[in-house]
Amino acid sequence: MTLLSLSNVGVSFGATEIFKNVTFTVADGERWGIIGRNGAGKSSIFRLITGELQPSAGSVARKPGLRWALLDQHRAFEDATTVWEAGAAAWRDVMALEKRIAEQAIELGELGERVSDAFLEKFGHDQERFADLGGYIYHARVDAVLQGLGFDAEEAKTRPVSTLSGGERGRVGLAAQLIAPADLLLLDEPTNHLDLDTTTWLQEWLSDAAETVIVISHDRAFLDAICTHILHVEGRTSEWYKGNYSQFVPQRAERRLTRDREIQKQIAYVKKEEEYIRRNIAGVNSFQAKGKRKRLERLPRLAPPPGDPAAMDLKFEIAERGGDQVIAVKDLTVDVPGRVLVEDFTAVLRRNDFVALIGPNGAGKSSFISTIVGDHEPASGDVRIGGSITPAWFRQDLGDLPLRKTLYEAIQDQRPLWSRGQIQNCLGAFGFSGDEVQREIGTLSGGERARVALALMTLAHANLLILDEPTNHLDVENIEALEDALDEYEGSVLLVSHDRAFLREVATRVWAFDGTRLRDFDGPFVEWEAERGRR
């Protein structure tokens, strides 16, 4: 059964065209992944589906009575006071009915034989309606989803919403969306606030769910695990493909190759016909030449679709080789007030190691990194960065960027002797051109700030890169560009990420949290994943 259909849809704001000719059909039970560059219009497709945005051209058809669940970006949770109530927000009417039934049951006991037929009829009707609305199953559903997303279901019944961190609010918002009774789940970057375990739980939940799913995501491993179709938004239009992300990649390459062949074939045909017309327009074959000219004028010319801007062109170079011992950690204990994060950890990060620091949200990964670089004092033990080692740190919060400076000024501070052209070429490699270089960094989006931070890192010529969630704000093309740059990098890397495809590509070694203990696994992330699965 078809739930949703977009036919030749276009969206324009004044003279600005967002996209055109977007066509796809979603059937019951399918799981679609929407991918494309940041700013390509992926979220606008969600707004078209919900009716918040009306198309400038084309049509959107929905199954009558279609129910959808869309993540509340503001995460206000309305009148909910506890985490459990916030997660169960879509069941508010059922919870109110449940409360009335409980009150009626107490009143029924007090009335005894004096109870009226009307009261009993109302009581029975409310119980029947409660069952029809799913009242006997929603408790278990709320508990299961909250537990799967890293909350203690019992504690959630008393924990105030006001105590949640930003990441926890994101997970509660996602929980409310998954718990809501709906035919269609619209998920916008659902793995952004999830660690490896909760991401695995989510993909298993969605694979088993009865609901149809449309997800916007840059997480290739997640798209591989759940998707039956891919919609690629590119060059102000879209194409759809059957299969998951890994199946989409060769299909896209084949389509592009076929399109290029058709274009080259037409170019050769036009050139041949134009040569015939040139030679015969004034001769005995003038009639045939004029006919060919008319046909050429009417021929629709094939052209490559307008592409998106190129991905970053970044390269990490080192100023010096550095020693074999990059980071030496001995009997290290890291704590914060009232809590030990890491206890008695000893390890050595060697030259050319790409170490992935793995652990659940809140385990202390960022605090551990702060201790490594000297921003956080260890409770005990010793950390030493090699004397010939120059570190460069990509912070998860991008908090070290000079927000009041322009992009141009930020690069100029690092390279005061560079010419204007050199600075603009540097920024151009990261997708900033023209007047954009005079924008203040504080006005940029998260993805744009991440590209600026990476641009500044390339100027450090560091032989140790410390990367704390570098892919969070990057689209797939730029994540792959970062992978390529790290593949050619001759230094060492300490990396925090929840992007499994990225970790599988780059990590040669793993430091994994097990409670307050860090386990040093001397092998690539793919082998660590396999061993963890066996355990």
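Student: At what angle do the axes of helix α3 and helix α4 cross?
Tutor: The axes of α3 (residues 92-111) and α4 (residues 117-132) cross at roughly 150° and come within 10 Å. This is a predicted model, in which local features need pLDDT of at least 70 and side-chain atom pairs count only at pLDDT 80 or more, while totals for chains, interfaces and linings use all residues. Residues are numbered from 1 along each chain as its sequence is written, and side-chain values use heavy atoms, with hydrogens and water left out.

Student: Why are α3 and α4 called roughly antiparallel?
Tutor: Angles run from 0 to 180 degrees between N-to-C directions, with axes fitted to C-alpha atoms, for helices over the stretch in contact. Under 35 degrees counts as roughly parallel, over 145 as roughly antiparallel, 65 to 115 as roughly perpendicular, and the rest as oblique. The crossing angle is roughly 150°, and α3 and α4 are therefore roughly antiparallel.

Student: What makes up the contact of α3 with α4?
Tutor: Contact means heavy atoms within 4.5 Å. The residues include Leu97, Ile101 and Leu108 of α3 and Phe119, Phe123 and Phe130 of α4. The residues of this contact divide into 10 nonpolar, 2 polar and 6 charged; Ala, Val, Leu, Ile, Met, Phe, Trp, Tyr, Cys and Pro count as nonpolar, Asp, Glu, Lys and Arg as charged, and the others, Gly among them, as polar.

Student: What makes strand β8 mostly covered?
Tutor: Buried means under 20% relative accessible area, exposed over 50%, and partly exposed in between, with a 1.4 Å probe and protein chains only. In β8 (residues 229-234), 5 of the 6 residues are buried.

Student: How do you know that β8 pairs with strand β3 and with strand β9?
Tutor: Two strands pair if DSSP finds at least two bridges between them. β3 (residues 31-36) and β8 have 5 bridges, in the parallel sense, and β8 and β9 (residues 237-242) have 6, in the antiparallel sense. Leu231 of β8 is the bridge partner of Ile34 and stands opposite Trp240 in β9.

Student: Why are β14 and β18 described as standing at the edges?
Tutor: The open sheet has 6 strands in the order β14-β15-β16-β12-β17-β18, with mixed pairing. β14 (391-394) and β18 (517-521) each have a single partner strand, so one side of each is left without a neighbour in the sheet.

Methods:
Helix = DSSP H or I, 4+ residues; strand = E, 2+ residues; numbered from the N terminus.
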